[in-house]
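Dear colleague,

I am handing over the structure below, followed by notes on what was found in it. Please read the notes with the coordinates open beside them.

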Amino acid sequence: MRLSDSRPKPRQTSVLARVLAALSLTGALSACNTVVLKPAGDVAQQQGDLVVMSTVLMLIIIVPVMALTVFFAWKYRASNKDADYQPDWDHSTQLELVIWAAPLLIIICLGALTWVGTHLLDPYRTIGRIAPDKAVAKDARPLEVDVVALDWKWLFIYPEQGIATVNELVVPAGRPLDFKITASSVMNSFYVPAMAGQIYAMPGMQTRLNAVMNKTGDDFVGFSANYSGAGFSGMRFKTRSVTEADFARWADSVKAGGKDSAGALDAATYLELEKPSENVPAAQYASVSPDLYGKILDMCVEPGKMCMSEMMAIDARGGLGKAGIRNVSMLSYDKHGRAASAAANANPDAETRRELAWVRALCEQKPGTAPDNTVKAPADLKSLSGAGLTAPQSFAPNAIAFDKAEEHAAHSHLTSRN
């Protein structure tokens with residue numbers, strides 16, 4: 001007897017045992033956070049439903065293909081001598097109809113879902129319902145929250161309450177929320193998975209998000225979903241959804257201040273807050289300058305800095321000739337140029353003061369006035385065809401007309417003042 005024959009053969013693991021072992025590992029998935037599919041806000045829930053419906057539609061093709069792959073591999077294995085072998089077969093009309101018709105129908109269904117979802121869930125569109133069976137009251141007033149993405153923290157301004165917070169977002173449940181979003185330096189992404197989808201925050205621009213929270217809770221998390229530098233991983237903030245009464249009490253407590261209050265948020269305080277910092281703890285401001293968000297959006301918080309709206313008004317008029325040299329230096333906004341510009345304009349000489357007076361005489365001082373691109377919610381929520389819905393914000397022709405009207409009005413205003 002050979003030595004190899006005397007050794008015991010290893011026990012063959014059955015297919016059933018392997019399958020059971022694989023299924024046992026799925027228990028680890030129970031720890032996964034399913035907030036995207038089970039959020040606390042109606043807008044996020046509708047988005048989660050779109051994910052589920054799209055996945056199910058695609059599985060109609062994927063599952064049969066995977067099953068048939070295993071079936072054909074098993075049926076036409078080399079050891080199966082009874083398999084029907086047809087080397088000259090090359091066409092079947094019935095099979096071609098199935099192969100092409102099924103994916104085509106699925107693509108049509110996915111296209112219909114995308115079309116309707118793009119209209120109904122346009123982030124610029126005001127929400128038409130609080131829950132599937134509860135419409136927004138006609139006299140309901142949305143809570144406005146101005147969001148600023150800083151390096152590397154989030155600033156939330158509540159203009160109605162006159163307060164502000166850093167890395168802390170508190171909203172009332174059951175009330176429409178209107179977010180106006182911008183950034184101080186680089187592009188970021190505002191994302192609270194339990195509330196709604198992510199929206200980009202860009203300097204000098206304003207994006208919008210309309211949403212609602214249906215459940216109360218203090219364990220919701222918001223963060224930046226777009227890499228923005230060294231402190232990006234610390235751009236996380238706690239989100240709390242409370243009742244209307246609790247929200248009013250919270251706002252009053254912030255206004256009253258206290259030992260943990262950061263005081264008032266004015267331009268000087270903001271410029272210090274704007275400086276890059278990482279893992280910043282939550283902070284509250286008992287008061288905030290009414291025009292601060294507008295100046296942030298217009299990129300002219302620094303003293304002596306020309307606002308974008310001023311420069312656009314000058315451009316609409318056709319420029320200012322030699323004075324444009326001074327205007328360019330005032331517009332410097334990079335990390336070195338803006339400091340030099342602020343220092344140069346802090347104590348202007350007589351000639352500079354004349355130039356500044358000339359420039360500002362041509363421009364109406366309205367920093368931060370951005371067009372109101374709000375899209376109204378559809379009156380009929382039962383329609384699934386998109387009939388009667390206005391186009392999504394990015395394709396709205398009235399937005400272009402609005403911009404042209406604004407440009408014409410600015411040109412006429414400057415001409416009359418000149």
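In this predicted model, strand β7 (residues 177–183) is joined by five bridges to strand β10 (residues 207–211), and the two run antiparallel; strands here are DSSP runs of E with at least two residues, helices are runs of H or I with at least four, both numbered from the N terminus, and two strands pair if DSSP finds at least two bridges between them. Within that pairing, L177 has A211 of β10 as its bridge partner. Strand β3 (residues 143–150) runs parallel to β7, with seven bridges joining them, and D146 stands opposite K180 of β7. Six of the seven residues of β7 are buried, where buried means under 20% relative accessible area, exposed over 50% and partly exposed in between (1.4 Å probe, protein chains only).

The buried residues of α5 are F247, W250, A251 and V254. These cover an arc of only 100° around the axis, so they lie on the same side of α5, the arc being that of the directions from the helix axis to the C-beta atoms. The face turned away from this buried side carries the exposed residues R249 and A256.

On numbering and thresholds, residues are counted from 1 along each chain as its sequence is written, and side-chain values use heavy atoms, with hydrogens and water left out. Local features need pLDDT of at least 70 and side-chain atom pairs count only at pLDDT 80 or more, whereas totals for chains, interfaces and linings use all residues.

Best regards
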